[in-house]
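Dear colleague,

Please find below the sequence and the structure for your files. My notes on what was found follow directly after them.

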Amino acid sequence: MASNVSATYRATASSKSRGIDIGRVLTYVILLAGVVVVVVPFLWMVSTSLMTLGEATGRAILPRAPQWDNYVQAWEDAKFSEYFVNSVIVTAITVGGQLVFCTLAAYAFARMEFPAKNLLFTLLLSTLMLPDALRWIPNFITVTWLGRIGPIAWVNNWPALTVPFMASAISIFLLRQFFAQIPHELWDSAQIDGAGHVRYLLQVVLPISRAPLMTIVIFGFIGAWNALAWPMLVTNTPEWRPISAGLMAFLDEAGAHFHLQMAGSVITILPILILYFVTQKQFTEGIAYTGLKG
Amino acid sequence: MAIVHQRTTPTPRPSMFTGRRWRRLKEALTAYFFLLPAFLIIGVFGLFPIGFAAYVSLHRWRIVPGRYRGLANYVKAIDNLAYVVAFWLVVIFLVLAIRALLQARRTAREHEDRPWLWMVPAVVTAGGLVQFVRFCVYLLPEVLDIGQKVKGLERTRELFLRLLGEAWGAPTVQWALRLSLLILALGLGLAFVVHRFLTHSPRNATYYTSFVLIFLLVGGGLILGWLTWTEIQAAYAEALAEGEQLEIWSQVVTISAGFVLLLIAWWVWHSASHRPTMAATLLRLGAAAVLMVGAWVLIGELPRVISAGDENWWKSLQVTVYYSAGTVPFQLGISLILAILLFQNIRAKGFFRVVYFLPYITPPVAAAAIFRVLFSGRPNAPINNLIGLLGAEPLLWLDEPDGIFQMIAGSGVTLPGWAAGPSLALAVIIIYNVWTYVGYDTVIFLAGLGSIPGELYEAAQIDGAGGGAQFRHITLPLLSPTIYFLTLMAVIGTFKAFNHVWVLRSGAALGTTDTASVAIFQEFFRNTRYGYASSLAIVLLGLVLVLTVINNRIAQERVFYG
């Protein structure tokens, strides 16, 4: 692999001076091939979602006449309207909780001194290594228990879907890194003005932390929207089933109706795609940030 | 902890002293208040599950808790290897304890401290902590039982509080609690006495905590060792009663010996690099010989143990290893190429980045649904049409349980199971995984490339280094932390993978795509064997930990942190 890379590298580097840029052409060819590989499955999904059943199971590449009805049918067959509302509610509660709880914890780690700070931070980061599979069973027992003894049900209800995700180690870590970079002079001058930690956090730190907070909102949104295993465990009726688990159930029901499957997939993907294109810059920067510092 | 802070503040004026102390206390209290909600959630749903899963894994537990059955779940999963692992865990605990002890001695020598008196409060405190764990183990089933008791009754606050009170007031629970608190108080009291009157060193807190840790390691090792020992004895007694032959001990010895030989071989090989050529060659020859003997011992013994364990579980581990080994090199190689190409001065950089990143954010269920259609096994499926254009026969893709090497070799040759390679169905999942994560890796590689100072390349160019040399001597070493990070993430990611595997698995592939997580999910969700599934999850956690440690080891030697 390495020799391959260096060959292309050398070609592009040395051909800068020459008139014909073979290396440059090759670069674009490779990059565009990558684009094709990424985009074709999406195009195929859209195309298939507009086909008739015969076309979808046959050899057709494009639908003869777009069947917009497929979307209506998928929407009604799979109760997507319910899943949609569920996912929006679940996502909003989760992200809202994350914003409050993670900000508080991250601020404490970044700006305050207290006994056992390092121990707690290590404990926090150690949860990142745990496989989800380890958490399924204990957490499932815990939420059933909490539902039995508490005033509201947890399973098949919003608490089981949201509360366990309201604080995440990665979000706290990301925010802490940002808060720690804020110049100390700001804190000093705030103190002179008589502000305590709470006022400093609300009036100084939060307004300048829009970028990392936005990253957390986006990640929280994606996490809640894409979750599959845990929602499958804690919802066995459509009543509170969020969209990914709903789509999974629909895929199993729809059988060979590929056009409906693809219409359902388009419906599931669209909100995330819109979010991605609107906040695109935030996105890649946030990712690069977690990667570099992690 | 609070004891330590007392000494560090000089006391010019008493009022100043109390003011600062009060401020510090206030800040600490505010901080704990800030941390409380996050740690409540992470504690209950992130940290507590580790211990709880271990607890569940020691029981027969089908939806409702059953009786204690020791290591039986583990033995069912990986047969006698469970005893071998337990034995080695004991050894590792003791080795870690000795290392911490040596470290403490070195610090003490450097500063001419005499910390050995700290052993007394430390051993008492460690004992108190172990007692506290025992209290938790007594309390847990009582509390869990409340969930069963309120079934069918009207759930009122009073009822719950009464039941909680009953659980809390159970005599065993109360005794364990009192005993642990008493011992802990005694330990802290002794620590205070030692700190105040007997030794005066600014490192007192360090000695105290490291000695507590040492005693906890020793204690944990002894408890685990005792558990394993009694289990093995019981197994032998049972076998004797039934007139069977058992070979636990011989297997523990042979397998351990095999691994020790491998370790020695690695160590000898490693030490050869600092020797003169002649000696190094001899040492390496010796290492190779030891390696072969060790491998021979393991090859002779391990398959027998494995075949006695849970066949499904071993198969899923094999699938996971194939999956990881098939994914990681391609994923990192392709994304490195793309990142290097993108890093040059080209047009539409932003466009490429946006597009490459697309699969990563797509909901995995939906993206996998697309792949399910594309790579479906129908002769009419899109990919089959595509390879049909190239003149190839249609394949079964996601429904194909045969290994890809077996398919390449043709039906004339029959390869043994492990050499047949990942099934074609798993290969499709590998393709999906690469497709999804290349964009993520590319973005992170780009950030890594961006942090390499440009002057280095300029200097290299003046020295006459070509593109290849620049890549080898500047880009790769300076990018190594990023490469290390991404490798670790990719390996751990494949070991945790669930969502897309779940969508892409098909019954026709005969379980050749069921990774470890899928196997655990099935045991838990479909078979409702909570105890057994927990033991599998703990084994998976152990594997992830081992992989992380190995990755760290490699990183220490190969990664260049500017």
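In this predicted model, 86 residues of chain A are in contact with 89 residues of chain B, where contact requires C-beta atoms, placed from the backbone, within 7 Å. The greatest contribution to the side of chain A that touches chain B is made by helix α7 (residues 132-149) of chain A, with 13 residues. Helices (H or I, at least four residues) and strands (E, at least two) are DSSP runs numbered from the N terminus. Sorted by class, this side of chain A consists of 57 nonpolar, 23 polar and six charged residues. Here Ala, Val, Leu, Ile, Met, Phe, Trp, Tyr, Cys and Pro count as nonpolar, Asp, Glu, Lys and Arg as charged, and the others, Gly among them, as polar.

Two conventions should be noted. Residues are numbered from 1 along each chain as its sequence is written, while chains are lettered from A and ligands numbered from 1 in the order in which they are written. As the model is predicted, local features need pLDDT of at least 70 and side-chain atom pairs count only at pLDDT 80 or more, whereas totals for chains, interfaces and linings use all residues.

The largest nonpolar core has 196 residues; such a core is a set of buried Ala, Val, Leu, Ile, Met, Phe, Trp, Tyr and Cys residues joined through C-beta atoms within 7 Å. A residue is buried if 20 or more other C-beta atoms lie within 10 Å of its own, exposed if 12 or fewer, and partly exposed in between. Among the residues with the most contacts inside this core are Ala105(A), Ala38(B) and Val428(B). Helix α16 (residues 424-450) of chain B gives the most to the core, with 16 residues. Apart from its neighbours within four places in sequence, Ala38(B) is in contact with Phe101(A), Cys102(A), Leu104(A), Ala105(A), Ala167(A) and Ile172(A).

Chain A contains 16 helices and zero strands, and 41% of its 294 residues count as buried. The C-alpha trace of chain A spans about 70 × 70 × 35 Å along its principal axes.

Chain A is divided into domain 1 (2-72) and domain 2 (76-293), with bounds from an automatic or database domain assignment. The C-alpha centres of these two domains are separated by 33 Å. Between them, 12 residues of domain 1 are in contact with 11 residues of domain 2. Helix α2(A) supplies the largest share of the domain 1 side, four residues. That side comprises seven nonpolar, five polar and no charged residues.

In chain B, Leu317(B) lies in helix α11 (residues 311-343). Leu317(B) counts as buried because 23 other C-beta atoms lie within 10 Å.

With kind regards

Definitions and conventions. Contact = placed C-beta atoms within 7 Å.
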